[in-house]
Amino acid sequence: MEVRELLKTVPIFAELSDSDIDSLAQLASRRHFAKDTPIFFEHEEGEIFFMILEGRVKVTILGDDGREVILSMLGSGDFFGEMALLDDEPRSATAIAVEDCDLLSLQRSDFEGVVASRTSISSALIKVLSARLRKANHQISTLALLDVYGRVARVLLDMARDEGRRLRDGRIAFRRATHQEMANRIGTTRETVTRMMKDLERQGLIQAEGKEFVIGPDFEKSCD
Ligand code: CMP
């Protein structure tokens, strides 16, 4: 697909006219990052804004002791790298391609120009940033208020609701994240997640089916 066609698939540009999309297409470049490649690191200077066409990107904070806190998993249509451009501070987190990724990128001055010239883009940006703040608040309250069992249940429900698909029988199937990924989202160890998952499976609240987890209404009820 051509860059202009690809840009139309990015939700923050949904309201742009064809001629705006054409001018933006002149400025955007396509980039490929192989699975498990860092795109940038926390604390670096940031000069580029990224949009995800295909693949998943992990936004994460790496501790000096090798521990990791996953802030978010982003996918097709999402963008990242805007914060360093908007507030002129270093990168607030590390971004890593967790699958082969096709991205579009814009240089700082082009990003600033596009945002300044189109109010539809700035309001779309604010909407997404508000949604991210809501999610971060939810994550803070999960970490602060729930015990570790509650946190495991909560992260599963969040993944099911964010990334899952509803099956005909009402259950939800969603990506089978590794126990390590789940642990890194909720500040616990892989061993603890493994223990909790065995418990949930034993109670029949969750099933692993191929590359997916499946939860039913009982699971949702037990979390709400
Ligand atoms: P920037 O600070 O330039 O680099 C790291 C990027 O990760 C940041 O811009 C955002 O695009 C993204 N990011 C940071 N925190 C979050 C979060 N809590 N949820 C989703 N994305 C985030």
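A polar contact is a pair of N or O atoms within 3.5 Å; within protein, one atom must be able to donate a hydrogen and the other to accept it, and residues adjacent in sequence count only if both atoms are side-chain atoms. The model shown is predicted: local features need pLDDT of at least 70, side-chain atom pairs count only at pLDDT 80 or more, and totals for chains, interfaces and linings use all residues. Residues are numbered from 1 along each chain as its sequence is written, and side-chain values use heavy atoms, with hydrogens and water left out.

An oxygen atom of the ligand is 2.6 Å from an N or O atom in the side chain of Glu82. From Met83 comes a backbone N or O atom, 3.3 Å from an oxygen of the ligand. The protein buries 91% of the 460 Å² that the ligand exposes when taken alone (Shrake-Rupley method, 1.4 Å probe; for residues, only the protein chains shown count as cover). In total, 13 residues surround the ligand, each with a heavy atom within 4 Å of it. Gly81, Glu82, Ala84, Arg91 and Ser92 are the closest.

Strands (E, at least two residues) and helices (H or I, at least four) are DSSP runs, numbered from the N terminus. Two strands pair if DSSP finds at least two bridges between them.

**View C. Strand 7 and its partners.**
Strand 7 covers residues 94–97. Its antiparallel pairing with strand 2 (residues 38–40) runs over two bridges. With strand 4 (residues 57–62), the antiparallel pairing runs over four. Ala95 is the bridge partner of Phe40. Val59 also stands opposite Ala95. Ile96 is the bridge partner of Lys58. Both faces of strand 7 are covered: Thr94 and Ile96 are buried on one side, Ala95 and Ala97 on the other (buried is under 20% relative accessible area, exposed over 50%, partly exposed in between; 1.4 Å probe, protein chains only).

**View D. Thr60 in strand 4.**
Thr60 is found in strand 4. Its relative accessible area is 0%, so Thr60 is buried. The Thr60 side chain makes a polar contact of 2.8 Å with the side chain of Glu68. A polar atom of the Thr60 side chain also lies 3.2 Å from the backbone oxygen of Val69.

**View E. Two loop residues with positive phi.**
Most residues other than glycine have a negative phi. His43 has a positive phi of about 80°. The loop between strand 2 and strand 3 (48–54) holds His43. At 62% relative accessibility, His43 is exposed. For Asp88, phi is near 60°. Asp88 lies in the loop between helix 3 (82–87) and strand 7. With a relative accessible area of 61%, Asp88 is exposed.

**View F. Helix 6.**
Helix 6 has 16 residues, 148–163. Buried residues of helix 6 include Arg151, Arg154, Leu156, Leu157 and Met159.

Key:
Expected span 1.5 Å × (residues − 1).
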